[in-house]
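Subject: Handing over a structure, with notes

Dear colleague,

I am passing on the structure below, which will be new to you, together with notes on what was found in it. Please look at it first and then read on.

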Amino acid sequence: MHLHANIEKTGLLGHPVGHSKSPEMLNAAYQKEELPFIYLAFDVKPDHLGQAVKGLRALGFRGWNVTIPHKVTIMEHLDQLDESARAIGAVNTVINKGEYLLGTNTDGQGYLQSLVSETGIHLIQQRVVILGAGGAARAVGYALAQAGVQHITVINRTEGRAKQLASHLSHWIPATWVSTDRMEEAIREATLLVQTTSVGMHPDVEACPVHPIFLHEDLLVSDLVYHPRKTRLLKEAQKRGAKIHGGLGMLVHQGALAYQHWTGKEAPIKIMRQTLENSL
Ligand code: ATR
């Protein structure tokens with residue numbers, strides 16, 4: 001990479017950002033395509049978010065990603081939000097359009113691209129169960145609803161949040177929620193199970209958010225938790241003849257979509273995935 005005054009600047013705002021794989025992944029992509037772009041991570045405390053955005057605007061950043069804890073609060077510092085950001089209620093990508101800053105959300109679309117390209121699933125035939133009702137569930141639920149799946153059932157430890165997400169998704173498709181004690185029944189009737197909770201994340205990697213006997217061979221189990229190896233849930237699913245889909249692809253594709261917004265070019269998916277796998 002040649003560092004010069006005209007280099008196009010992109011990056012990440014989060015707190016903390018030390019563990020983020022995005023700088024490696026995006027810089028590898030820029031280098032592969034020989035684009036004069038750079039990606040830098042900035043640790044910004046919540047109180048300083050507004051100042052940081054002003055700074056990036058003044059410095060002429062082409063765009064940046066936004067991660068925890070700024071995905072919602074960033075919205076008040078932007079000039080426009082697109083449909084995905086408004087519907088999901090969070091921004092993970094900002095695009096500097098020159099005159100104005102546009103917020104979008106590539107998490108849902110990134111998830112769909114990963115799911116479809118890695119499994120060949122036909123979305124419109126799916127009866128979906130989503131476990132969890134946080135930010136990740138909102139992004140994935142919105143994308144699946146836009147894609148026109150048959151039905152979505154939301155299940156979450158805190159029932160109020162499940163109810164809220166189901167009611168939001170029912171703007172687009174039939175969506176309901178059920179309590180966790182009806183998980184078995186819901187999963188029995190489902191064709192796609194999407195696990196969006198943090199259960200199974202490091203360090204508690206042996207935790208399984210679903211009783212393994214609920215899993216069956218007509219199911220595609222998709223776990224947003226990413227590991228170098230399979231999560232316990234995915235291992236149990238595979239044992240019972242279900243198809244499986246891991247969380248790494250979503251990370252790759254949400255980054256690839258941001259890359260495309262900033263550069264106007266197709267992202268080199270393969271090198272991005274490889275870089276991510278090597279860094280885990
Ligand atoms: P994210 O943006 O990654 O989705 P989040 O908004 O904090 O993060 O949501 C975390 C999700 O994981 C929530 O659905 C949460 O359930 P609650 O709404 O009841 O908090 C779920 N979750 C986290 N730890 C869990 C656990 N030990 N058991 C069940 N669900 C859990």
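Most peptide bonds are trans. Please keep in mind throughout that this is a predicted model.

The overall picture

The protein has 10 helices and 12 strands. Its radius of gyration is 19 Å, close to the 19 Å that the globule rule gives for 280 residues, so the protein is as compact as a globular protein of that length. The C-alpha trace spans about 60 × 35 × 35 Å along its principal axes. Buried residues make up 45% of the 280 residues, and, of the contacts with a separation of 6 or more, 63% are accounted for by residues 24 or more positions apart.

The protein is divided into domain 1, which consists of residues 8–105 + 250–279, and domain 2, which consists of residues 108–246. The C-alpha centres of domain 1 and domain 2 lie 26 Å apart, and the contact between them takes 13 residues from domain 1 and 12 residues from domain 2. On the side of domain 1 that touches domain 2, the elements that give two or more residues are helix 3 (83–88) and helix 9 (248–263), and the largest share, six residues, comes from helix 9. By type, the residues on that side of domain 1 divide into seven nonpolar, five polar and one charged.

Helix 1 and its surroundings

In helix 1, the buried residues are Ser22, Met25, Leu26, Ala29 and Tyr30. These residues cover an arc of only 130° around the axis, which puts them on the same side of helix 1. The buried residues of helix 1 pack against strand 1, strand 2 (37–43), strand 3 (63–66), helix 9 and helix 10 (269–279).

Glu24 also lies in helix 1, but with 16 C-beta neighbours inside 10 Å it counts as partly exposed. If residues up to four places away in sequence are not counted, Glu24 touches Thr275 and Ser279. Glu24 and Leu276 are 252 residues apart in sequence, and yet they are 7.6 Å apart in space, C-alpha to C-alpha.

Helix 1 is followed by Glu34, whose phi is positive, near 55°, although Glu34 is not a glycine. Most residues other than glycine have a negative phi. Glu34 has its place in the loop between helix 1 and strand 2, and with 9 C-beta neighbours inside 10 Å it counts as exposed.

Helix 6

Which residues of helix 6 (residues 159–169) are buried? They are Ala162, Leu165, Ala166 and Leu169. Why do these residues fall on the same side of helix 6? They do so because they cover an arc of only 100° around the axis. What covers the buried residues of helix 6 includes helix 5 (135–147), strand 8 (151–155) and strand 9 (175–177).

The shell around the ligand

Finally, there are 14 residues around the ligand, and among these Gly134, Gly135, Arg157, Thr158 and Thr197 come nearest. Helix 5 gives the largest share of this shell, three residues. By type, the residues of the shell around the ligand divide into four nonpolar, eight polar and two charged.

With best wishes

Technical notes: Residues numbered from 1 in each chain as written. Predicted model: local features only at pLDDT ≥ 70, side-chain atom pairs only at ≥ 80, totals over all residues. Buried ≥ 20, exposed ≤ 12 C-beta atoms within 10 Å, placed from the backbone. Helix = DSSP H or I, 4+ residues; strand = E, 2+ residues; numbered from the N terminus. Arc of directions from axis to C-beta. Contact = placed C-beta atoms within 7 Å. Domains from an automatic or database assignment. Nonpolar A, V, L, I, M, F, W, Y, C, P; charged D, E, K, R; others polar. Near = placed C-beta within 6 Å. Rg over C-alpha atoms; globule rule 2.2 N^0.38 Å.
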